[in-house]
Amino acid sequence: KNEVEQSPQNLTAQEGEFITINCSYSVGISALHWLQQHPGGGIVSLFMLSSGKKKHGRLIATINIQEKHSSLHITASHPRDSAVYICAVGNTGTASKLTFGTGTRLQVTL
Amino acid sequence: EPEVTQTPSHQVTQMGQEVILRCVPISNHLYFYWYRQILGQKVEFLVSFYNNEISEKSEIFDDQFSVERPDGSNFTLKIRSTKLEDSAMYFCASSQAPRVAQYFGPGTRLTVL
């Protein structure tokens, strides 16, 4: 069973700050997903990665397979980035089941 | 941009009643999923569905739960006899293939009284 840990649990930042959210998992995976959950509850997929690094706008996701660790970075943070960011992993040997972390609640203030 | 839709957005039911939660996945997607999130807790996988059959399910997905694709567009989750602990947000998701990005619906908040 894969254990997915995220840190920090809560994060408050000022607008413009560089933000890093971390995710660690215990067992080898097929892929790692970063998701954003809005205050209303809706979930949006940000990235899926199995190696290296991906960038989309101000968001960057990296993964180190050997260390079983991934980071999500937000550059030039903005209040609209305020949300819960969730790491989820697809385990090797399963086609589709995702195991989720508890999420990191980010609040970006002016 | 195509999106996954879910109805209803909020369902209130009495304990012991049957509920059906509905989802319309993205039209060219072949893999469908149900997840739930109890208030304040992490999202949990319930079931995945492909080619008209369950491909994986979690230990949560017991005999009280069933899924169906009754026609070419809808994907449903049925809970036969609801319990208080079934109160949660239920998310449907779909993807074109396994191990690729999944697209989530807005969720149905189920409240069991």
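This briefing covers the interface, the nonpolar cores and the salt bridges of the structure above. The model is predicted: local features need pLDDT of at least 70, side-chain atom pairs count only at pLDDT 80 or more, and totals for chains, interfaces and linings use all residues. Residues are numbered from 1 along each chain as its sequence is written, chains are lettered from A in the order in which they are written, and side-chain values use heavy atoms, without hydrogens or water.

**Interface of chain A and chain B**

- Chain A puts 19 residues into the contact and chain B puts in 18; contact means heavy atoms within 4.5 Å.
- About 1700 Å² is buried between the two chains, and carbon and sulfur atoms give 58% of that. Buried area is the accessible area (1.4 Å probe) that two parts lose on being put together, summed over both.
- A:I43, A:S96 and A:F100 supply 33% of the area that chain A buries against chain B, more than any other three residues.
- Between chain A and chain B there are zero salt bridges.
- On the side of chain A that touches chain B, β4 (29-37), β5 (43-49) and β10 (98-100) of chain A each supply at least two residues. The largest share, four residues, comes from β4(A). Strands are DSSP runs (E, at least two residues), numbered from the N terminus.

**Nonpolar cores**

- The largest nonpolar core has 23 residues, of which B:W34, B:L46, B:F61, B:V67, B:F75, B:L77 and B:Y90 touch the most other members. A core is a set of buried Ala, Val, Leu, Ile, Met, Phe, Trp, Tyr and Cys residues joined through side-chain atoms within 4.5 Å.
- Another core, of 22 residues, lies apart from it and includes A:I29, A:W34, A:I74 and A:V89.
- Leaving aside neighbours within four places in sequence, B:Y90 is in contact with residues including B:W34, B:L46 and B:L77.

**Salt bridges**

- The count is two over all chains. The rule asks for a side-chain nitrogen of Lys or Arg within 4 Å of a carboxyl oxygen of Asp or Glu.
- A:D81 pairs with A:R58, with the closest N and O atoms 2.8 Å apart. The two residues are 23 residues apart and sit in loops of chain A.
- A:D81 is buried at 7% relative accessible area, whereas A:R58 is partly exposed at 26%. Buried means under 20%, exposed over 50%, and partly exposed in between (1.4 Å probe, protein chains only).
- B:E44 and B:R36 form a salt bridge at 3.1 Å, N to O. B:E44 is partly exposed at 23% relative accessibility, and B:R36 is buried at 10%.
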